[in-house]
Amino acid sequence: MAKFNKQRVFFAPYDNVWRAAHAVIKFPIAQENQDTGVIETEYIKGIDGWLPPDVKRPPSSGIRYKLIFTFAKGTAEGRESTRVTIDKKMEILRDFFSTPEGMESDGLEEKILFYRIERELVIMDALKRAGN
C-alpha cells in the first residue's frame, strides 16, 4: 500500500458528513471548527490506537499519532458534495530526550474511517426516508 488516497468525495450535504465523521471518531478531539472544516484529535499512543486485524502484537510504546480531518463543500458531477481529507500524523519518540521523528501511515486506518463515514451517511439517508 505504498500510495493511498487521503481524500474522498461524499455526495452528501456538508452538515451530514460532519455529523457522520463525529460518529466514527472514537478518540478525544483536541480542536474542531465546523466553519473552517477541521477536526483534530489529541495525540493517541500507538498501543491505544487502531490495530490492523493481521497484527499480532502491539506497536512500540514510543509511537503516537493524531488524525486531522479537513472538510470542503462543493459540487461534483452537478450534485452537492463534500470532500474529506484525513491526515494521520505519526511520530516515534526514540527516547525521552530526542525530538519526535515523522513516520508514514500505511493508510489502513484512513480507509476504515472513510468506509465508516460512508456507512453512517447511508444509515442517515435510510432513516430520513423511513421517517417520511
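Predicted model: local features only at pLDDT ≥ 70, side-chain atom pairs only at ≥ 80, totals over all residues.

**Glu 40 and its surroundings**

Set aside residues up to four places away in sequence, and Glu 40 touches Ile 29, Ala 30, Gln 31, Lys 66, Leu 67 and Ile 68. Glu 40 itself belongs to strand S3, which covers residues 38-41. Is Glu 40 buried or exposed? Its relative accessible area is 14%, and the cut-off for buried is under 20%, so Glu 40 counts as buried. Lys 88 gives a further reference point. It sits 48 residues from Glu 40 along the chain, yet the two C-alpha atoms are 9.9 Å apart.

Now the whole chain, for context. It holds two helices and seven strands. Read from the N terminus, the order of elements is β-α-β-β-β-β-β-β-α. The chain has 132 residues, and buried residues make up 33% of them. Take the contacts with a separation of 6 or more: 56% of these join residues 24 or more positions apart.

Glu 77 lies in the loop between S5 and S6. Its phi is positive, about 55°, although Glu 77 is not a glycine. With a relative accessible area of 70%, Glu 77 is exposed. Glu 101 is in strand S7, residues 101-103. At 36% relative accessible area, Glu 101 is partly exposed. Which residues does Glu 101 contact, leaving aside its neighbours within four places in sequence? They are Met 90, Glu 91, Ile 92 and Arg 94. Glu 91 is ten residues from Glu 101 in sequence, and their C-alpha atoms are 5.3 Å apart.

H2 spans residues 108-131, which is 24 residues. From first C-alpha to last, H2 reaches 35 Å, close to the 34 Å expected at 1.5 Å a residue. Its buried residues are Glu 109, Glu 110, Leu 113, Phe 114, Ile 117 and Leu 121. What covers them? The cover includes strand S1 (7-10), helix H1 (14-24), strand S5 (63-76) and strand S6 (79-92). Tyr 115 is also in H2. Its relative accessibility is 48%, so Tyr 115 counts as partly exposed. The C-alpha of Tyr 115 is 9.7 Å from that of Val 24, across 91 residues of sequence.

That leaves the packing of the helix pair. Two packed helices are described by the angle between their axes and the distance between the axes. For H1 and H2 the angle is about 120°, and the axes are 9 Å apart. Why is the pair called oblique? Roughly perpendicular runs from 65 to 115 degrees and roughly antiparallel begins over 145, so the angle makes H1 oblique to H2. The crossing is right-handed. On the H1 side, the contact is made by Asn 16, Val 17, Arg 19, Ala 20, Ala 21, Ala 23 and Val 24. On the H2 side, Leu 113, Arg 116, Ile 117, Glu 120, Leu 121 and Met 124 take part. By class, the residues of this contact divide into nine nonpolar, one polar and three charged. Leu 113, Ile 117 and Leu 121 are among the buried residues of H2, and they also belong to its contact with H1.

Methods:
Residues numbered from 1 in each chain as written. Heavy atoms only, no water. Helix = DSSP H or I, 4+ residues; strand = E, 2+ residues; numbered from the N terminus. Expected span 1.5 Å × (residues − 1). Buried < 20%, exposed > 50% of the residue type's maximum accessible area, 1.4 Å probe, protein only. Contact = heavy atoms within 4.5 Å. Axes fitted to C-alpha atoms, helices over the stretch in contact; angles between N-to-C directions. Parallel < 35°, antiparallel > 145°, perpendicular 65-115°, else oblique. Left-handed = near helix turned anticlockwise from the far one by under 90°. Nonpolar A, V, L, I, M, F, W, Y, C, P; charged D, E, K, R; others polar.
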